[in-house]
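Welcome, and thank you for opening the viewer. Please load the model, colour it however you like, and follow along one stop at a time.

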Amino acid sequence: MLRAGSAVTCIACMNLLPSRMGVKFRVPLQKLHPLSRAIQHRYSSNNNQQRPPHCSAARHYTSLSRLPMRPHKSRSGGHGYQQHRSFWVARLAARLLKLRYILLGSAVGGGYTAKKTYDEWKDMFPDMSQYTWIVPDFVWELSENIDLDKLASALPELEKIAKLLPDMEKIGENFTFLKSLLSTGLGSEVNGASGLHLLLETTGESTLRVTDVPPTSAAMSDSSDKQFKKSYDKEKIDQLQEELLRTQSKYQRMLERLEKENKELRKVVLQKDEKGIHQRNVKKSLIDMYSEVLDILSFYDSNYNTQDHLPRVVVVGDQSAGKTSVLEMIAQARIFPRGSGEMMTRSPVKVTLSEGPHHVAIFKDSTREFDLGKEEDLAALRHEIELRMRKSVKEGQTVSPETISLSVKGPGIQRMVLVDLPGVISTVTAGMAADTKETIFSISKAYMQNPNAIILCIQDGSVDAERSIVTDLVSQMDPQGKRTIFVLTKVDLAEKNLASPSRIQQIVEGKLFPMKALGYFAVVTGKGSSNESIDSIKDYEEDFFQKSRLLRDGMLKAHQVTTKNLSLAVSDCFWKMVRESVEQQADVFKASRFNLETEWKNNYPRLRELDRNELYEKAKNEILDEVISLSQVTPKHWESILQKKLWERVSTHVIENIYLPAAQTMNSGTFNTTVDIKLKQWTDKQLPHKALEVAWETLQEEFARFMAEYKGKDQDDIFDKLKEAVKDESIKRHKWNERAMDSLRVIQHNALEDCSITDKPQWDAAIQFMEETLQSRLKDTDSIIADMVGPDWKQRWLSWTNRTPEQHIRNETKNELERVLKLHEDHTAYLANDEVTTVRKNLEARGVDVDPVLIKDTWHQLYRRHFLQKALLHCNLCRRGFYYYQRHFVDSELECNDVVLFWRIQRMLAITANTLRQQLTNTEVRRLEKNVKEVLEDFGEDTEKKVQLITGRRVQLAEDLKKVREIQEKLEAFIEALHKEK
């Protein structure tokens with residue numbers, strides 16, 4: 001709307017400004033309308049033919065340059081007065097005609113500009129044809145009943161309307177008369193012209209210049225008259241400039257109001273579309289489809305030279321240069337964590353901007369929507385982004401290459417994909433990892449080396465340009481500047497602090513930095529307060545540039561300022577790059593897909609293409625089937641292995657701590673008392689715990705055995721690592737029911753208290769159990785003694801081996817102790833001190849120096865063998881002792897209390913095994929199955945765990961093939977939608 005004001009001013013100034021006054025001023029923030037150029041050229045197209053040779057500085061001339069050449073007349077007497085009088089007449093005529101030309105220019109320029117603005121806004125409105133059903137039917141019926149042709153014929157014809165407009169021929173005649181009047185009134189020849197010069201160069205600069213042609217010596221007036229005219233003309237020019245600024249402000253406000261109305265209208269349309277009017281499915285937006293492709297690529301491990309070269313806007317800059325603030329202005333919300341001088345961006349943040357009815361933000365892996373119009377949601381969003389950044393940073397690091405994906409929608413937001421990178425630093429400070437600087441450079445280069453990435457280079461305008469690091473980095477990645485947009489932030493501080501404002505002009509013209517760029521922009525992102533809203537920052541930015549001398553003096557151009565212009569330029573550049581490169585990238589992925597499919601057919605022709613997730617599901621079903629097979633184990637098998645393992649675990653304690661001490665007693669009463677006490681202590685403290693350990697180990701072994709022996713037709717070796725990990729983790733998590741120990745203790749205690757053997761088979765079974773146990777112990781003891789004394793004479797001759805000195809000493813000690821046992825067959829289990837001394841002296845007499853500890857150790861093994869041999873003989877005697885047992889060994893010298901002890905142990909083992917078997921089959925197997933399911937669920941949610949446990953070229957090839965297919969399909973869908981939008 002500002003163009004109308006510009007066009008009006010061009011005509012008015014051409015008729016008012018004197019010919020010899022040269023003034024240059026600019027219209028801030030807006031370009032003059034092309035109509036102004038057309039009107040100005042109408043009066044200045046023929047000036048070059050009459051230009052005198054010495055007036056080369058004048059570029060354009062007004063119609064005043066066509067004044068007739070008159071001879072020079074000397075000013076004297078009445079003639080001078082007449083000339084002076086004619087000059088004031090001409091000035092008076094010019095004032096009278098001023099209003100006419102203002103009205104004429106306003107009518108023509110305003111009408112043209114209004115029509116063009118109307119057409120532009122009409123094109124911006126959405127297609128409302130699909131919403132015609134909203135209009136009630138009676139409206140359409142009304143249009144059918146009204147004859148529009150008759151209504152049109154009743155309107156006045158265009159010829160009649162044209163008669164109401166001013167007569168342009170008469171205006172031209174009046175203007176010619178004014179020229180002749182002015183030329184007649186002037187006392188000297190006038191060579192030159194004055195007019196409005198519209199300078200529209202390639203950069204889009206809009207300037208208003210009044211050219212000046214130096215007068216010839218014949219046209220020189222006296223000094224007082226010249227000074228008066230200059231002061232008068234300057235006053236008029238100041239008034240005209242103020243009028244221009246007021247007109248510009250007026251139309252600027254009108255434009256803003258129209259934009260606001262359009263934004264509200266689009267919001268209403270989008271809201272209705274979102275609710276599903278016509279009950280149709282709402283398709284994904286173009287930018288959302290493109291963002292999905294980028295999300296897939298961010299997790300795709302590129303092979304076969306298939307690289308991600310799809311466009312996105314990469315935001316780079318020095319730390320605290322204002323990168324995040326610029327991004328927030330484009331997104332129209334304060335969405336990022338803020339800090340004072342510290343590093344806040346610790347990982348790349350991909351922001352997908354799109355238009356929508358509501359201003360909301362949502363993470364790619366979440367369903368929660370953050371309402372950006374509410375301060376509490378904004379605070380929650382900033383906190384969530386900060387948590388995700390810190391979570392992505394590994395221990396001992398400061399920054400992370402992992403990308404956080406975020407979508408922001410809202411009315412009037414430009415569609416594009418931006419990636420905010422950590423700020424480039426020059427020095428690693430305290431608290432940072434030593435490689436932080438190199439890591440940030442590596443992350444930045446990885447994104448910028450994409451040949452289709454648009455680099456948004458952010459430079460802090462409030463600091464010296466020589467301190468910038470990012471400009472050198474950008475110039476290395478894009479030396480020709482074909483995909484770089486330079487943004488100078490904090491221009492308000494730069495204008496305030498810089499002694500030479502022209503330095504800013506050098507920056508935005510690309511003359512100060514060695515880097516090149518597609519465009520240069522200057523923005524203001526607030527006053528530095530974290531509490532400022534986006535609207536207040538916009539108002540401050542617009543107000544600053546309205547008053548800034550940088551724009552007023554032509555150091556900055558209108559299209560180079562404000563984040564709004566920046567956002568439009570970046571969005572246009574982004575979509576241009578997308579349209580130019582997306583089909584080429586689709587062809588690259590198509591070729592990659594062909595290569596992968598060919599490799600699969602050649603290497604795995606009979607296997608389905610199962611990716612890691614599908615293979616995991618298959619392995620999961622196999623493992624659950626193997627767990628269920630535990631319930632098919634027979635009770636007899638459970639009890640057999642439980643009883644065997646439990647006796648192996650407790651047999652040493654029974655022999656060493658219960659049977660041997662009780663056997664040293666003198667009579668049966670003392671033996672039974674000792675046994676009862678030892679068994680009670682054992683049951684209270686150790687036996688239940690040992691039994692549960694045995695049961696748990698048995699369950700683990702059976703579970704592992706079934707997983708190892710399970711061989712179905714679909715068995716795959718690729719699952720072995722996963723199965724082992726699931727087994728270990730399930731066993732680690734499984735805990736036996738704590739209440740089972742208490743109930744088991746009671747059962748075992750009752751079983752050991754029972755001393756009544758009811759029949760002969762039980763007696764025989766106890767004899768057999770005792771004999772097997774004693775023989776096993778005797779065999780172990782003989783083996784220990786053989787290792788102590790070394791090979792005997794037969795082994796030495798046959799195997800050609802000799803005893804060591806220690807074995808020789810032990811052999812001599814063994815021989816001496818065996819003599820003691822032969823003399824005292826009923827010797828106790830321990831040697832007395834005097835007996836130890838006697839043995840040592842006897843050995844010393846034979847030249848063997850022996851330690852008392854070695855004597856006792858050797859005696860323990862010899863006595864143990866002697867005791868076990870006697871116990872076996874007694875066991876054989878007790879085979880016929882069941883009759884005496886029933887009579888309680890009355891009138892009999894045979895006492896078989898040790899057989900009763902082994903019967904009690906054997907019965908306790910059977911009852912314990914039965915109890916544990918019931919607990920295993922009824923409770924623990926089910927709990928183990930539940931643990932296995934939980935472990936499988938946890939592993940299924942842990943991507944890294946699955947990558948570790950399911951590996952191999954076959955898996956990786958299937959993964960790559962699936963990803964490439966998905967990317968290609970989504971790219972083709974996006975390209976199709978992109979062509980439809982065109």
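**The whole chain**

Begin with a cartoon view of everything: the protein chain has 33 helices and twelve strands. Helices (H or I, at least four residues) and strands (E, at least two) are DSSP runs, numbered from the N terminus. You are looking at a predicted model, where local features need pLDDT of at least 70, side-chain atom pairs count only at pLDDT 80 or more, and totals for chains, interfaces and linings use all residues. Residues are numbered from 1 along each chain as its sequence is written, and side-chain values use heavy atoms, with hydrogens and water left out.

Accessible areas come from the Shrake-Rupley method with a 1.4 Å probe; for residues, only the protein chains shown count as cover. Of the 982 residues in the protein chain, 45% are buried. Buried means under 20% relative accessible area, exposed means over 50%, and partly exposed lies in between (1.4 Å probe, protein chains only).

How much of the contact list joins residues 24 or more positions apart? Among contacts in the protein chain with a separation of 6 or more, such pairs account for 80%. A contact here means heavy atoms within 4.5 Å.

Keep the surface on and select Glu 402, Glu 941, Asp 942 and Glu 944, which form a negative surface patch. Patches are made of residues with over 30% relative accessible area and no salt bridge; like charges are joined within 9 Å, and nonpolar side chains (Val, Leu, Ile, Met, Phe, Trp, Tyr) within 5 Å. Lys and Arg count as positive and Asp and Glu as negative, while His and the chain ends are not counted. The place of a charge is taken as NZ of Lys, CZ of Arg, CG of Asp or CD of Glu. Glu 941 counts as exposed because its relative accessibility is 67%.

Next, select Trp 793, Trp 797 and Leu 798: together they make a nonpolar surface patch of about 490 Å². Trp 793 sits in helix H26 (residues 793–799), and its relative accessibility of 60% means that Trp 793 counts as exposed.

**Salt bridges between helices**

The whole structure holds 48 salt bridges, each being a side-chain nitrogen of Lys or Arg within 4 Å of a carboxyl oxygen of Asp or Glu. Here are a few to visit.

Which residue does Glu 599 pair with in a salt bridge? The partner is Arg 953, with the closest N and O atoms 3.1 Å apart. Glu 599 lies in helix H18 (residues 563–603) and Arg 953 in helix H33 (residues 953–981), so this pair ties together parts that are 354 residues apart in sequence. Glu 599 counts as buried at 19% relative accessibility, whereas Arg 953 is partly exposed at 34%.

Move on to Arg 649 and Glu 697, whose side chains meet in a salt bridge (2.6 Å, N to O). This pair links distant parts of the chain, 48 residues apart: Arg 649 is in helix H20 (residues 635–663) and Glu 697 in helix H22 (residues 687–709). Arg 649 is partly exposed, with a relative accessible area of 30%, and Glu 697 counts as partly exposed at 31%.

Then select Asp 676 and Arg 904, a salt bridge of 3.0 Å, N to O. Asp 676 is in helix H21 (residues 668–685) and Arg 904 in helix H31, 228 residues apart.

**Stops in the loops**

Find Gln 332 in the loop between helix H10 (323–331) and strand S5 (349–355). Gln 332 is not a glycine, yet has a positive phi of about 65°; Gln 332 is buried, with a relative accessible area of 18%.

Lys 490, in the loop between strand S11 (484–489) and helix H14 (491–497), also has a positive phi, about 55°, although it is not a glycine. Lys 490 is partly exposed at 23% relative accessible area.

Finish at Ile 425, in the loop between strand S9 (416–420) and helix H12 (436–448). Ile 425 counts as buried at 5% relative accessibility. Show Asp 318 too: the C-alpha atoms of Ile 425 and Asp 318 are separated by 6.3 Å, with the two residues 107 apart along the chain.
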